[in-house]
Amino acid sequence: MALRGGTRFAVRCEDVFPAGCALVPESLGEVEDYDEKTGRRSPAKDKLTGQRVWQVRVMDLDPELGKRSRETTVKISADYQPVPPTGGLFEAVEFDGMTVTPYVGNNGRMAYSLRATGMRAPAGVATKAAQ
């Protein structure tokens, strides 16, 4: 089986972040493309959906990570800027429509890119807020 570059594989948020994840404060922003010929930046568009691309940094809450880096970036394809569920510091979130794209990084090692179609409060948090 041959895989084309940029192949996205559907994954569940709980498979990527089994212990959950939390937003890094003030990390949500729009991704920009840079045109080397003109030196201009423009809003990035998802190559598959044509939607604008936003990114947010999250902390993986998995205790088994030990001293390894816990921070990663998730790109969100959406027509409008996603809104964090509650606006709190280091709030827990879950992502909808997650995909992972494996690739070989500049150092020759396997790496991956995480994408989603939206974010929301975790189901347990949303249930507690409603009570």
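The legends below describe close-up views of a predicted model. Local features need pLDDT of at least 70 and side-chain atom pairs count only at pLDDT 80 or more, whereas totals for chains, interfaces and linings use all residues. Residues are numbered from 1 along each chain as its sequence is written, and side-chain values use heavy atoms, with hydrogens and water left out.

**View A. Salt-bridge network of Arg8, Asp46 and Arg115.** These three residues are linked in a network of salt bridges, a salt bridge being a side-chain nitrogen of Lys or Arg within 4 Å of a carboxyl oxygen of Asp or Glu. Asp46 meets Arg8 at 3.1 Å, N to O. This pair links distant parts of the chain, with Asp46 in the loop between strand 5 (40-43) and strand 6 and Arg8 in the segment before strand 1 (9-10), 38 residues apart. Asp46 also forms a salt bridge with Arg115, with 3.2 Å between the closest N and O atoms. Here the partners are 69 residues apart, Arg115 being in strand 10. Strands (E, at least two residues) are DSSP runs, numbered from the N terminus. Asp46 and Arg115 are both buried, whereas Arg8 is partly exposed at 26% relative accessible area. Buried means under 20% relative accessible area, exposed over 50%, and partly exposed in between (1.4 Å probe, protein chains only).

**View B. Salt bridge between Arg12 and Glu14.** The structure holds eight salt bridges, and one of them joins Arg12 to Glu14, with the closest N and O atoms 3.3 Å apart. Arg12 is partly exposed at 49% relative accessibility, and Glu14 is partly exposed at 44%.

**View C. The largest pocket.** About 340 Å³ of space lies in this pocket. A pocket is an open set of points on a 1 Å grid over the protein atoms alone, where a 1.4 Å probe fits, with protein on both sides within 12 Å along at least five of seven lines; lining residues have an atom within 4 Å of a point. Grid points are joined across faces, edges and corners, and the volume is the space filled by probe spheres set on the points. The lining comprises 14 residues, and those nearest the pocket centre are Arg8, Lys47, Lys75, Ser113 and Arg115. By class, the lining has four nonpolar, three polar and seven charged residues. Ala, Val, Leu, Ile, Met, Phe, Trp, Tyr, Cys and Pro count as nonpolar, Asp, Glu, Lys and Arg as charged, and the others, Gly among them, as polar.

**View D. The second largest pocket.** This pocket holds about 160 Å³ of space. Its lining includes Val16, Phe17, Asp60, Arg70, Glu71 and Tyr112. Strand 7 (71-77) and strand 10 (110-116) each supply at least two lining residues. Five residues of the lining are nonpolar, two polar and three charged.

**View E. Pairing along strand 6.** Strand 6 (residues 53-60) runs antiparallel to strand 2 (residues 21-23), joined by three bridges; two strands pair if DSSP finds at least two bridges between them. Leu23 has Val58 of strand 6 as its bridge partner. Strand 3 (residues 29-30) pairs with strand 6 in the antiparallel sense over two bridges, and Gly29 stands opposite Gln55. Seven bridges join strand 6 to strand 7, again antiparallel, and Trp54 has Ile76 of strand 7 as its bridge partner.

**View F. Cys13 and Cys21.** The structure holds zero disulfides, a disulfide being a pair of cysteine sulfur atoms within 2.5 Å. For Cys13, the nearest cysteine sulfur is that of Cys21, 5.2 Å away. Cys13 is buried at 9% relative accessible area, and Cys21 is buried at 2%.

Notes: Helices (H or I, at least four residues) and strands (E, at least two) are DSSP runs, numbered from the N terminus.
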